[in-house]
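Dear colleague,

I am handing over the structure that we discussed, and my notes on it follow directly below. Please read them with the coordinates open beside you.

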Amino acid sequence: MILDYRLIQYVANPDQGEGRNIGVIAHGNRKAYYRGLGVGKNGHVDNSYFQAICRGSREYDWVYGEWAAWFQTLAENEGKDPDQFDRLMRELEAQASGILARPGGLLELPDGEDPDRAMDWLYKQAVKTPKRSGPGTFTAKVEEILKTSGISGLPNFHHDVVIEFSPEGSCNREFVRLSYLLESTQRVAFKAVRLSGRQDVCLRQINDASYCFERAVELGFVVPDRCITLVDSIPSARETLLGQLRKTAVIADCSHEDAARDLIMKSLLSETR
Amino acid sequence: MTSFCTLNAILKFDGDEIPHCVYVENVALRLAQTLHIPVADGALTMSGDGPAYASLELASPGIPLPNLLKSQRAHVAAQYPDEVAALIAFDILIGNWDRGENIKASTTTPHISIFKGFDHSHSLLSIQEEAHKSIARLKSTDLIVKHHPFYNLVSRSRLEAWAKRISMKDDLYIRECCLFGRPFRGVDQQMQNALGEALVWRKRSLKLIIARHIAQITPLP
C-alpha cells in the first residue's frame, strides 16, 4: 500500500511563507488518514498545543479546534476520493487561510503493515510537540474547562459570588461564597475544591463547600442537583473525605479528558437552556 | 474610546470575468444587512489596483474558519436552521447561483456560534455575462439558483417565514441598496435603477418563486 501524504502547516506570516508542521494527512486505497497537533485518539482536540505555537491571542485558539474537526471530517468523507482530496488540498493553498497542506511525498508500506501505525510514525517524524506554558494553576484549569464547555460564555454567568441571606425569623444575615454562579432558568452553583494539596487545607475546603451548598439549598437559593463541586482530581486517599461532599453536591473532576463535556451533563444545561 | 488595528480581508476587484464585481459585492452586502441575512462583513476600499471590495475574514486574525465541506452540510443545517433558511431565501432573491462551499460556520466549539455566507460575485448583475440579461432574469419567476448546498436540508416553514419576511420589506430600502447616487465604475445610474426595480419585483414574488420551485428545493417538512 502506498500512502500519499501531505504536511499540514500553520503559516503565521504569509509574506514569509514559512510554515510549521501541525499535522499530516494522507490517502491510500480509497481511505484517508489524519493526525493533528493536540488531536487525541477519540477525536478530542486540546487547543493548548496549537496556542503554544500561535502568537495570536488565547481568545482565538478555538479556531484551531474547528480546523482539526474539518480535517477529521474530510478524512472520513471527501478524503476517500483521491480527486476530491487533491482538489480540497489545492483549494487550501488558494484560500490563504494560514493553514496549508503541502505535498509531503509517498510512503510505501510493507504488506500487512497497519496504515494507522504508519500514520502515527509519520506524525512523530513530521510534527514537534511544543511545550505548553499553561494553564498551570487549578483556577486556570477550571476556567479553561468552563470556557471550553461554553458555560462561562452564557449570559448571567458570574465569578466569585457572595450571596447574602436574611433568613426568615432571624435578625442575622448569612453569607455564602460561591466560586461561580450561573443564573439561568434554574441556578447552577459551583465551588472549586483542590483535593491534591495538604490534608488540612483540603478538609477546610470540603467543609466550606459542604456548608455553602447545604445552606444555599436550605434557604431555597439553589436545588441540590444543581450544586457542583469542581475538583482538580480525585486521589484515592481523599475518597472518604469526599463522602460528606457527595451528599450535598455533584462532583466534577477537572482532570478528566472529557471534563468540559462532563460538566455540561452535570450542570443539566440541556434543561436550563 | 478609539483604537486602531489591522483587519484581514480578501480583496475583490472588477475583472474580465466579472466586470461589476465590486458593485455587486457591495450591493449584496447592503441588501443582506438590510434584511438581516448572515453574511460576512465587508467594505469598499482602494488599493494599488483601484477600487476594491474587502470581504473581512471571519473568526480570528490570520486564521479564518475553513470553508464548509459537503459532508458537513447536514450537521450545519441542523445546528443553524434559521440561518440556513435566511441564506437560501436571500440567494434566491439575488440570484446567487454559486453559493457552493462559500459558507463559514463554527461546528464544534460550544460557546462560539458563527454562520456566514460570503462571495456574492455571481449574483445580481453578474448572473449572466451581460448585466441587462441578469436584470431580466431577476425580474422573472426563474429560480436561478438551481443548486444550493442546503436544498433538501432546510425547514420548509422556516424558509417560507423568511420569504415572507423579505417580501414585506419596504420597497424603498431595496431600491436604496442599489443606488450610489452617481455612476459607480461601469454601472451607471440607469442600470442601478433597473436593478433596484428588478429586485423589488423579485422580492414581491419571492414566495411565489419558492412555491413554484419547491420540488427543486425539496425542503424538510
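Leaving aside its neighbours within four places in sequence, B:Ser155 is in contact (heavy atoms within 4.5 Å) with B:Pro219 and B:Leu220. This serine sits in the loop between helix H4 (131–138) and helix H5 (156–167) of chain B, where helices (H or I, at least four residues) and strands (E, at least two) are DSSP runs, numbered from the N terminus. B:Ser155 has a relative accessible area of 17% and therefore counts as buried, a class that means under 20%, with exposed over 50% and partly exposed in between (1.4 Å probe, protein chains only). Its side chain also makes a polar contact with the side chain of B:Ser157, at 3.1 Å; such a contact is a pair of N or O atoms within 3.5 Å, where within protein one must be able to donate a hydrogen and the other to accept it, and residues adjacent in sequence count only if both atoms are side-chain atoms.

As to what these values rest on, this is a predicted model, in which local features need pLDDT of at least 70 and side-chain atom pairs count only at pLDDT 80 or more, while totals for chains, interfaces and linings use all residues. Residues are numbered from 1 along each chain as its sequence is written, chains are lettered from A and ligands numbered from 1 in the order in which they are written, and side-chain values use heavy atoms, with hydrogens and water left out.

Chain B as a whole holds eight helices and five strands, in the order β-α-β-β-α-α-β-β-α-α-α-α-α from the N terminus on. Of its 221 residues, 52% count as buried, and the C-alpha trace spans about 45 × 45 × 35 Å along the principal axes.

Turning to the interface, chain A contributes 27 residues and chain B 26 residues to the contact. Between them the two chains bury about 2000 Å², 63% of it on carbon and sulfur atoms, buried area being the accessible area (1.4 Å probe) that two parts lose on being put together, summed over both. A:Trp62, A:Glu66 and A:Trp70 supply 32% of the area that chain A buries against chain B, more than any other three residues. The rule finds one salt bridge across this interface, that is, a side-chain nitrogen of Lys or Arg within 4 Å of a carboxyl oxygen of Asp or Glu; the side chains of A:Arg87 and B:Glu101 meet in a salt bridge at 3.5 Å, N to O.
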